[in-house]
Amino acid sequence: KHLWVVIFAVVMAAISIYYYLKPVIASFKETDEEALSVSLTHKIVLYIITFLTVLFGFAPDLLRGLFS
């Protein structure tokens, strides 16, 4: 009765897997280009932003306390 919905869902899932895995495959692909260099300042900023994102993800009440 609803077989067409299941077929449609499987096809859409296959298409989405293709698009979601495309950047992952590209990131592990070997290239002849030189490595990207990042300055120390940018690295520090990225580490701080990453830390704050993880911190507020696990403890969102800390962020709510800043604005209440």
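A residue counts as buried at under 20% relative accessible area, as exposed at over 50%, and as partly exposed in between (1.4 Å probe, protein chains only).

View 1. Of the 68 residues in the chain, buried ones make up 0%. This is a predicted model, where local features need pLDDT of at least 70, side-chain atom pairs count only at pLDDT 80 or more, and totals for chains, interfaces and linings use all residues. Residues are numbered from 1 along each chain as its sequence is written, and side-chain values use heavy atoms, with hydrogens and water left out. The chain's radius of gyration (taken over C-alpha atoms) is 21 Å, while a compact globule of 68 residues would come out near 11 Å; that globule rule is 2.2 Å times the number of residues to the power 0.38. Along the principal axes, the C-alpha atoms fill a box of roughly 55 × 50 × 15 Å.

**View 2. Three helices and zero strands.** That's the count for the chain, and read along the sequence the pattern is α-α-α. Helices (H or I, at least four residues) and strands (E, at least two) are DSSP runs, numbered from the N terminus. How confident is the predictor in the chain? Its pLDDT (confidence in each residue, from 0 to 100) has a mean of 88, and 99% of the residues reach 70 or more. Confidence is highest in helix H2 (residues 40–58), at a mean of 94, and lowest in H3, at 84.

**View 3. A nonpolar patch on the surface.** Among its members are Leu3, Trp4, Phe8, Val10, Tyr18 and Tyr19. Together the patch residues have about 1200 Å² of accessible area, by the Shrake-Rupley method with a 1.4 Å probe, where only the protein chains shown count as cover for residues. To join a patch, residues need over 30% relative accessible area and no salt bridge; nonpolar side chains (Val, Leu, Ile, Met, Phe, Trp, Tyr) are joined within 5 Å, like charges within 9 Å. Val10 sits in helix H1 (residues 3–28) and counts as exposed because its relative accessibility is 53%.

**View 4. Two tyrosines, edge-to-face.** A search of the whole structure turns up one aromatic pair. Tyr18 and Tyr19 form it, 5.2 Å centre to centre with 75 degrees between the planes. Rings of Phe, Tyr and Trp (its six-membered ring) pair if their centres lie within 6.5 Å; planes under 30 degrees apart are stacked, over 60 edge-to-face, and the rest tilted.

View 5. Arg64 bridges to Asp61, with the closest N and O atoms 2.9 Å apart; the cut-off is a side-chain nitrogen of Lys or Arg within 4 Å of a carboxyl oxygen of Asp or Glu. Both residues lie in H3 (residues 60–66), three residues apart, about one turn of the helix.

Terms used. pLDDT is the predictor's confidence in each residue, from 0 to 100.
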